[in-house]
Amino acid sequence: MELVTVICERDEQDILLQAHSIDKFIEEPCSHWIKVEDGSKSILEWKDLLAPYYKRHRLNLVFTERPDGPHFPDPYGLGYRRQMTEKLKLAARVESDNSLLLDAKNIFVRPTKLSEWPYKNGRGVYTYLENEPADWFPKKWIYYIHEKTGLEIPKRFPPHMATPFALTTKYVKKAVEHPLFESLYFNTDVIPMTETFYYYFFVPDTELDPHGRTIYGSMNHLRLTRSVENYVSDCLYLCDEQDSPTQGAHRRLRALMPQHTKDEYRDWLIRRGLDSKLVNDYVYFVHTDLAIGQ
């Protein structure tokens with residue numbers, strides 16, 4: 001299993017902590033594919049930043065400047081759409097049978113063997129389309145894919161878009177090679193709701209993993225149903241209780257955290273054994289770009 005992450009300038013603090021967490025907690029040598037879609041730094045500058053964390057693992061660094069393209073209404077702009085297609089295209093390049101799709105905010109927090117990762121196609125949790133309300137946001141995207149491609153609607157979908165998300169390389173390649181792949185994402189007819197829903201159109205239902213171990217993705221401002229303080233405390237408690245190998249927080253949620261909650265989160269990450277300077281940069285730095293995306 002190989003790791004896959006797509007980043008841009010705003011992800012610098014996140015990807016440095018992620019790289020450090022891989023170096024610290026991934027026990028077997030692995031390859032990490034990182035695609036930088038940004039022109040603010042050269043590929044040599046990005047390599048200088050990241051290479052020190054890849055003494056035991058292999059860094060496959062891919063670089064491109066984001067091209068000028070059609071304008072889409074905020075917050076679902078060109079960058080939001082491109083990063084979804086770039087994730088699948090990058091995952092299609094891996095040399096192993098499976099990859100683990102990460103967002104930059106996903107941090108490993110415990111010793112982990114990728115050879116023992118419990119899933120090959122997703123995260124081991126599912127939803128059925130008929131059980132979701134009519135206004136479930138991904139429904140329009142799912143029906144749009146079906147109508148445009150003629151592909152059969154899968155029996156099951158991931159209930160939300162959270163990474164880490166396991167992929168099988170042969171199915172990713174089928175998804176990327178479909179003649180309508182990119183055109184589905186770059187139009188104003190629908191808001192793409194994400195690469196993982198599209199990917200499931202190419203995975204036989206019999207290949208989906210049974211429900212099993214909880215893998216926590218990241219804390220997200222979109223799931224706030226109580227105070228930020230209580231939400232963060234509960235998430236950290238559950239991560240420990242379930243012995244999840246990963247954790248993380250969306251940058252918008254980090255911006256919403258009051259100071260004492262940021263301190264709590266920082267201390268929790270440092271107790272896991274992560275570098276305090278990288279943790280501080282991850283927790284306290286508030287980037288001016290808080291748009292929807294990774």
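Visitor: Why is His-20 called buried?
Guide: His-20 has a relative accessible area of 12%, and buried means under 20%, whereas exposed means over 50% and partly exposed lies in between, with a 1.4 Å probe and protein chains only. The value of 12% therefore puts His-20 among the buried residues. This is a predicted model, in which local features need pLDDT of at least 70 and side-chain atom pairs count only at pLDDT 80 or more, while totals for chains, interfaces and linings use all residues. Residues are numbered from 1 along each chain as its sequence is written, and side-chain values use heavy atoms, with hydrogens and water left out.

Visitor: Where does His-20 sit, and what is it in contact with beyond its neighbours in sequence?
Guide: His-20 lies in helix α1, where helices are DSSP runs of H or I with at least four residues, strands are runs of E with at least two, and both are numbered from the N terminus. Leaving aside neighbours within four places in sequence, His-20 is in contact (heavy atoms within 4.5 Å) with Tyr-53, Gly-273, Leu-274, Asp-275 and Leu-278.

Visitor: What makes α1 and α2 oblique to each other?
Guide: The axes of helix α1 (residues 12-25) and helix α2 (residues 43-50) come within 10 Å and cross at roughly 45 degrees. Such axes are lines fitted to C-alpha atoms, for helices over the stretch in contact, with angles from 0 to 180 degrees between N-to-C directions. Angles under 35 degrees count as roughly parallel, over 145 as roughly antiparallel, 65 to 115 as roughly perpendicular and the rest as oblique, and the two helices are therefore oblique to each other. Their contact is made by Glu-12, Ile-15, Leu-16 and Ala-19 of α1 together with Trp-46, Leu-49 and Leu-50 of α2.

Visitor: What separates Glu-86 from Arg-82 along helix α3?
Guide: Glu-86 and Arg-82 are 4 residues apart in helix α3 and are therefore separated by about one helical turn. Glu-86 forms a salt bridge with Arg-82, with 3.2 Å between the closest N and O atoms, and Arg-82, at 13% relative accessibility, counts as buried. Lys-35, Glu-37, Arg-82, Glu-86, Lys-89 and Glu-182 are linked in a network of salt bridges, and the structure holds 17 salt bridges.

Visitor: Why are Asp-103 and Lys-105 called buried?
Guide: Asp-103 has a relative accessible area of 8% and is therefore buried, and Lys-105, with 6%, is buried too. The side chains of Asp-103 and Lys-105 meet in a salt bridge of 3.0 Å, N to O.

Visitor: What makes strand β4 mostly covered?
Guide: In β4 (residues 98-102), 5 of its 5 residues are buried. Asn-98, Leu-100 and Leu-102 lie on one side and Ser-99 and Leu-101 on the other.

Visitor: Which strands does β4 pair with?
Guide: Two strands pair if DSSP finds at least two bridges between them; strand β1 (residues 2-7) is joined to β4 by 4 bridges and runs parallel, while strand β6 (residues 165-168) pairs with β4 in the antiparallel sense over 4 bridges. Val-4 stands opposite Leu-101, and Ala-166 in β6 is the bridge partner of Leu-100.

Visitor: What makes β3 and β6 edge strands?
Guide: Each of them pairs on one side only, in an open sheet of 5 strands with the order β3-β2-β1-β4-β6 and mixed pairing.

Notes
Salt bridge = Lys/Arg side-chain N within 4 Å of Asp/Glu carboxyl O.
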